[in-house]
Amino acid sequence: MSTNGHHPETNGRDPLRADEWLEARHAANREQTSPFARGGGSNGTPPLPPVVEADDPTSLPIFAGAWTSEGEGQLPGRARSEFSLRPLVAPAPDEHQDTRGTDGEVELDWELIAQYRAEISSRLTARLDKEGGRVTEQDREQMGLDVIEELIKSEAETLVSTGRPPWTKDHEKALKSALHAALFGLGRLQPLVEREDVENIIVIARGPVCSVWLELVDGTLVEAAPIADSEDELREFLSDLGARQNRPFTEARPHLDLRLPGGARLAAGSWVMAYTSVVIRRHSMREVSMDEMVYDRKACSAVLADFVATCVRAGKSIVVSGVQGSGKTTWVRALCSCIPPWEMIGTFETEFELHLHELVDRHKIVHAWEHRPGSGEVGIDGRQAGEFSLEEAIHHSFRFNLARQIVGEVRGPEVWNMLKAMESGPGSISTTHARSAEHTIEKLVSCAMEKGPQVTRELAISKLAAAIDIVMYLRSEVVANPDGTFRKQRWVEDVLVVQPSIDAARGYATTPIFAPNQLGQAVATGKLDNFLAQELARHGFDLEAYKAESQANPGVATS
């Protein structure tokens, strides 16, 4: 059969590949002339088309140039009269020419991702409706992944069929990851929360501007890319996060406290603040030991670590205090590591931060309670429907045969929950914010009096002095390194023993067992009374090491 220079015969062979067919066609064109050709070569033959690399469809003319006016260096098309046909789109970037930012990461169109997310959500909802009945969270996420794959495949095919540059593999991978985070995770916030070198994420949105700062574990503060394109978008994102945990974030409830997937703690406020503000605390150290606090983190001396560890084993109730970011939660985890593994523990938190229930190799039996705010109408008792308070949790816990009750953070009237736990059993541990060790008790007295007029100062002091045995006060400071960088340093500054007192003015007495030396670090004072010393010695405390350290620091303040 004649090919007329366009369909070379196969001569009984398998059909020609695309590159073989194109080469045969080019050869045929070179052997004949056309009366319709204009602007050809000197022999009247039409200009040769671009050379096509074998097995490379992106080198075909449609991917080779742009629809622009005539210019030097442009690829010519076949010419007929005054009309010139040129390729439609610019060359597609290869694997090494992806659209990346200055930090090497793929830059994504977040407005487009928002559109894709809406489409995926709509398709997923339709599929879930068809399924009917109960669908597990794992099945729902898998269905979502399937929908994402289908949408990306469809969009990629549309790009090629319309002559636009296709996505590179890196861009497509980043797009899928962003869509998964937007649908099931934390959206643009997800990569920041996953960074191991980040301790705090600070976000402030002002109208169309969203500023993000990262406080690294060494205390360095660096700026990061926005996680939203406007304040309204950030509010919408926070509302969606809160709704997943039944914690509304609206103008009627302008504050949000919740635990993020992975354990980070989020606090946000808007409408009643000048701007929408968010602070996220990452807990990088969940499993921490006393040895790590002494030798790795340099947070205290070995003698002090021995003292507080012995207090835990002896069943003393401890309050860990300090300013924000001083490491209180980390220290509670370290103290809890000294609890014998066979003891049954109950934890009570507004948002899970201790995560003792996840350390199954260290703590065999942990019952963890979390506060749940209400989201319905306020009843005659002044509480919202659906609310579950820490007070209810502690009352409920008395049927769980607990050996220890750990109350996470005390910021207000919940001090009564702490007191109830300390009065109900030995060895309770709690945290609170305070500006000094001595001020810790006064802070807790103020919190107790917030319960109502029925709580007098005398009542609060008598309860606290009888329940609290030890106060640990922590200090933090950002210090400069010799190379010009910075790091955050945290350490124990004071350890006090608290006892009831007949002193009418105070109603309690405090004794500094460890006090700061000239460097501000707590060292033994030698003020440990014989009764407590002998009790701790029965639980393994090294009294000789304590005495030796106190003798080596004769100038330590003891008042």
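The protein exposes about 30200 Å², of which carbon and sulfur atoms supply 52% (Shrake-Rupley method, 1.4 Å probe). The model is predicted, so that local features require pLDDT of at least 70 and side-chain atom pairs pLDDT 80 or more, whereas totals for chains, interfaces and linings use all residues. Residues are numbered from 1 along each chain as its sequence is written, and side-chain values rest on heavy atoms, with hydrogens and water left out.

Of the 559 residues, 42% count as buried (under 20% relative accessible area, 1.4 Å probe, protein chains only). The protein contains 15 helices and 17 strands (DSSP runs of H or I with at least four residues, and of E with at least two, respectively).

An open sheet is formed by six strands in the order β5-β4-β3-β8-β7-β6, with antiparallel pairing (at least two DSSP bridges between two strands). Its edges are β5 (221-224) and β6 (255-259), each of which pairs on one side only. From one strand to the next, the twist averages 15°. Five bridges join β6 to β7 (residues 265-269) in the antiparallel sense, and Arg259 stands opposite Arg265 in β7.

Within β3 (residues 198-206) lies Asn200, a buried residue with a relative accessible area of 6%. The side chain of Asn200 makes a polar contact with that of Arg281 at 2.6 Å (a pair of N or O atoms within 3.5 Å, one able to donate a hydrogen and the other to accept it; residues adjacent in sequence count only if both atoms are side-chain atoms). Beyond four places away in sequence, Asn200 touches Trp213, Leu214, Glu215, Ile280 and Arg281 (heavy atoms within 4.5 Å).

Note on methods:
Buried means under 20% relative accessible area, exposed over 50%, partly exposed in between (1.4 Å probe, protein chains only). Axes are lines fitted to C-alpha atoms, for helices over the stretch in contact, and angles run from 0 to 180 degrees between N-to-C directions.
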